[in-house]
Amino acid sequence: LALVMHGWGSHAGHLRRVIETLTGAGLRVIAFDAPGHGRSGDSEWGSRQANFREMARILVDLQGMHGPVRALVAHSGGCTASALALRRGLVAEHAVWFAPMANPTVYAARFQRALALSDEVMLRFHARSTHRLGFAWSELDMVDLPRHVRTPPALVVHDRDDVETFASDGTAIAASWPHSRLIKTVGLGHRGVLRDTKALDAMVELVARPALRAVG
């Protein structure tokens, strides 16, 4: 079984090549539009709103309903939701991260600078969002995750010219996750990596490999 999670503001259709590659390798694939995304209905927060907690919970529930997960595959913010699912109990033999976001707090700082918000405003924002979400922002830090849970071997794919998530994020995640591999591409951008033949071939090579028994 492969669980496939699209990115923030995206939908499962953007991972069509990924899904076709996985099914072609003989895996059963479950991909879906998260609440508030694509053709899905409203999230638990209502129309045009979404959160990583709900996305992570769905992934954990899918494992409970459909059995062991051979591969957990995600793109962009979907990697963040998938990593939170690992923290919340999901177990996967392998992970494949396309253009992952290592730590959302870094992007919140970019948001602060772009809008010229004060530190006091950002502190209130973090406090209120933490209360509403029910977990700390630190729980979304993918680089730090191996210190807290046993992480699966991962393939990380990131493009140097990605303007939505930093290429350095992929490098940091691959360096911190045991038994992981990084593929760097050039000129493909944020979504182009989802169609890269070299990356897709490497994904199949990874998920077809017997799982390591001791990780982390």
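Reader: Which residues does Gly-38 touch, not counting residues up to four places away in sequence?

Author: Leaving out those sequence neighbours, Gly-38 touches Ser-10, His-11 and Asp-33. Keep in mind that this is a predicted model. A contact here means heavy atoms within 4.5 Å.

Reader: Does Gly-38 count as buried or exposed?

Author: The idea is to compare relative accessible area with two cut-offs: under 20% is buried, over 50% is exposed. Gly-38 has 53% relative accessibility, so it counts as exposed.

Reader: Let's zoom out. How many helices and strands are there in the protein chain?

Author: You'll find 8 helices and 6 strands. Reading from the N terminus, the order is β-α-β-α-β-α-β-α-α-β-α-β-α-α.

Reader: What does the radius of gyration say about the protein chain?

Author: You set it against what a compact globule of that length would have. For 216 residues that is near 17 Å, and the protein chain has 17 Å, so the two agree. Along the principal axes, the C-alpha trace spans about 50 × 35 × 35 Å.

Reader: What share of the residues in the protein chain is buried?

Author: Buried residues make up 49% of the 216. As for contacts with a separation of 6 or more, 73% of them join residues 24 or more positions apart. The accessible surface is about 10300 Å², with 53% of that belonging to carbon and sulfur atoms.

Reader: What about charges: how far apart are the mean positions of the positive and negative ones?

Author: They are 2 Å apart, taking 25 positive and 20 negative charges.

Reader: Now a helix. Which residues of α8 are buried?

Author: In α8 (residues 197-207), the buried ones are Ala-199, Leu-200, Ala-202, Met-203, Leu-206 and Val-207. To read the pattern, look down the helix axis: these buried residues fall within an arc of 160°, so they line one face of α8.

Reader: Which residues are buried in α6?

Author: Asp-169, Gly-170, Ile-173 and Ala-174 are the buried residues of α6 (residues 167-176).

How values were computed:
Residues numbered from 1 in each chain as written. Predicted model: local features only at pLDDT ≥ 70, side-chain atom pairs only at ≥ 80, totals over all residues. Heavy atoms only, no water. Helix = DSSP H or I, 4+ residues; strand = E, 2+ residues; numbered from the N terminus. Rg over C-alpha atoms; globule rule 2.2 N^0.38 Å. Buried < 20%, exposed > 50% of the residue type's maximum accessible area, 1.4 Å probe, protein only. Areas by Shrake-Rupley, 256 points an atom, 1.4 Å probe, with all protein chains shown as cover. Lys, Arg positive; Asp, Glu negative; His and termini not counted. Charge placed at Lys NZ, Arg CZ, Asp CG, Glu CD. Arc of directions from axis to C-beta.
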